[in-house]
Amino acid sequence: MKKQSRKNLEYLINNLSDTKIKNLIELLENKKLTIKSNDYELIKKLMLTTTEIDFVKDVFADFKNSESLILAITLLSEIKKLQDEKIKSTLLVWTSPIFFHEDADKTDQVITDLLLKAKTSITIVGYAMTSDKHVEEIFKILQQNVNINKINIKFVWEQAEKQKIHGKKQPSVKEIIRKNWDEKITFPKIYTYEGGRNSSLHAKALIIDSKKILITSANMTGRGMTWQGKSQNLEMGLRHTGKAAKECEELIQALINEHVITQV
């Protein structure tokens, strides 16, 4: 296919609705349209506008027969579909004072959505956790998952058994989890990274079913997950569906196997 021919065809696919593309293919296959069809036939059978007719005819002129045109439209339509799916598989996540983009989501909303849709596993990796109402709400939401007793839940945390100062002195992560956990629900596994001097587990991630992952700068704190007003955190991250989620889960398991992180 010549470069200009492909350019014309891509323009057609990007500017005609999926319904019109589908109808065009069906009409060509059934020989109710041909590459020699006139304006009247295109208007009547495809309901095209004047502008659409012009670029459809440009495409028709690039091909010798309907069969090769059908094949080209089908292949390029599939390529476009795969490209669109790839783009949609990774989305911006943020904590900020403004509504930024229609395709981006706030950190707490994404966390809520992922936790409620989990079916087999949830792995939460973090550095800081605070005992505040926003964190309590996340625990409530997590335990509302209809599959909660079937899900393998892991918390992997920096010094999970030690109290820390995050604005003010906080209970240990293990204490916070226990305080917010319903005794009727199987208690999650808690892992800790102690590290050596001047080292820390600084990653923040949420992995769901080894298929979806949120990588974020936000800690599991009210300030990190939710914008609360003046002097609050500005956080950014990416929500992704794909192979990277499984690889991250495998990395965590490898660290457990090598006793780099240990269960408490």
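## The nonpolar cores

A nonpolar core here is a set of buried Ala, Val, Leu, Ile, Met, Phe, Trp, Tyr and Cys residues joined through side-chain atoms within 4.5 Å; buried means under 20% relative accessible area (1.4 Å probe, protein chains only). This is a predicted model, in which local features need pLDDT of at least 70, side-chain atom pairs count only at pLDDT 80 or more, and totals for chains, interfaces and linings use all residues. Residues are numbered from 1 along each chain as its sequence is written, and side-chain values use heavy atoms, leaving out hydrogens and water.

The largest nonpolar core has 30 residues, of which Ile-122, Met-129, Phe-139, Phe-155, Leu-206 and Met-220 touch the most other members. Two or more residues come from each of α6 (107-117), β3, α7 (133-142), β4, α8 (173-179) and β8; helices (H or I, at least four residues) and strands (E, at least two) are DSSP runs, numbered from the N terminus. Apart from this core lies another, of 25 residues, including Ile-13 and Leu-42.

## Arg-239

Strand β10 (residues 235-241) holds Arg-239, which is buried at a relative accessible area of 17%. Its side chain makes a polar contact of 2.8 Å with that of Asp-113 (a pair of N or O atoms within 3.5 Å, one able to donate a hydrogen and the other to accept it; residues adjacent in sequence count only if both atoms are side-chain atoms).

## Helix α10

The buried residues of α10 are Ala-245, Cys-248, Glu-249, Ile-252 and Ile-256. They lie on the same side of α10 because they cover an arc of only 100 degrees around the axis, taken from the directions from the helix axis to the C-beta atoms. Just after α10, His-259 has a positive phi of about 60 degrees.

How values were computed: Buried < 20%, exposed > 50% of the residue type's maximum accessible area, 1.4 Å probe, protein only.
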